[in-house]
Amino acid sequence: MSRALARRQGRPIRLRARQILEARPDIAAITFYDAQGNRVSYTKRAPALAYATAAPTTSKGKRVGTLAVSK
């Protein structure tokens, strides 16, 4: 997923998010926003109530956006 996040590729991000949701029934939703705050991907099993966020970076330390996960 890190390569797709760095390239802001919506489809690969959604596909990987679906795989994660299938494997982790405790996760309700996964959302990715690009560095400008635009939503690139939103994949959900159930409505999300609260998100934990992380700021993924490239191998060179460039921030690529915000990854948000809700349980």
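Two strands pair if DSSP finds at least two bridges between them, and β1 and β2 do so in the antiparallel sense over five bridges. Helices (H or I, at least four residues) and strands (E, at least two) are DSSP runs, numbered from the N terminus. The model you are looking at is predicted, so local features need pLDDT of at least 70 and side-chain atom pairs count only at pLDDT 80 or more, while totals for chains, interfaces and linings use all residues. Residues are numbered from 1 along each chain as its sequence is written, and side-chain values use heavy atoms, with hydrogens and water left out.

**The sheet**

- Start with the open sheet of four strands, whose order is β2-β1-β4-β3, with antiparallel pairing.
- Its edge strands are β2 and β3 (51-54), and each pairs on one side only.
- From one strand to the next, the twist averages 15°.
- Helix α2 packs on this sheet and touches β1 and β2, and its direction makes about 25° with that of β2. For such angles, axes are lines fitted to C-alpha atoms (for helices over the stretch in contact), and angles run from 0 to 180 degrees between N-to-C directions.

**How the strands pair**

- β1 and β2 form a hairpin with four residues between them, and Gly37 in the turn has a positive phi of about 90°.

**Helix α2**

- Helix α2 has 14 residues (10-23), which at 1.5 Å a residue should span 20 Å; its end C-alpha atoms are 20 Å apart, which agrees. The expected span is 1.5 Å times one less than the number of residues.
- Which residues of α2 are buried? They are Gly10, Ile13, Ala17 and Leu21. Buried means under 20% relative accessible area, exposed over 50%, and partly exposed in between (1.4 Å probe, protein chains only).
- Seen down the axis of α2, the buried residues fall within an arc of 70°, so they line one face of the helix. The arc is that of the directions from the helix axis to the C-beta atoms.
- On the other side of α2, you will find Arg11, Glu22 and Ala23 exposed.
- The cover over the buried residues of α2 includes α1 (2-7), β1 (29-34) and β2 (39-44).

**The nonpolar core**

- A nonpolar core is a set of buried Ala, Val, Leu, Ile, Met, Phe, Trp, Tyr and Cys residues joined through side-chain atoms within 4.5 Å.
- The largest one has ten residues: Ala4, Leu5, Ile13, Ala17, Leu21, Ile27, Ile30, Phe32, Val64 and Leu67.
- α1, α2 and β1 are the elements that give two or more residues to this core, and α2 gives the largest share, three residues.
- In soluble globular proteins, nonpolar side chains tend to be buried together.
- Strand β1 is mostly covered, with five of its six residues buried.

**Residues to look up**

- Ser41 has its place in strand β2 and counts as buried at 3% relative accessibility. Leaving aside neighbours within four places in sequence, Ser41 is in contact (heavy atoms within 4.5 Å) with residues including Gly10, Ile13 and Phe32.
- Pro56 is found in the loop between β3 and β4, and is buried, with a relative accessible area of 19%. The C-alpha atoms of Pro56 and Leu67 are separated by 7.0 Å, although these residues are eleven apart along the chain.
- Leaving aside neighbours within four places in sequence, the contacts of Pro56 include Leu5, Phe32, Val64 and Leu67.
- Ser59 and Ser2 are 57 residues apart in sequence, and their C-alpha atoms are 9.7 Å apart in space.
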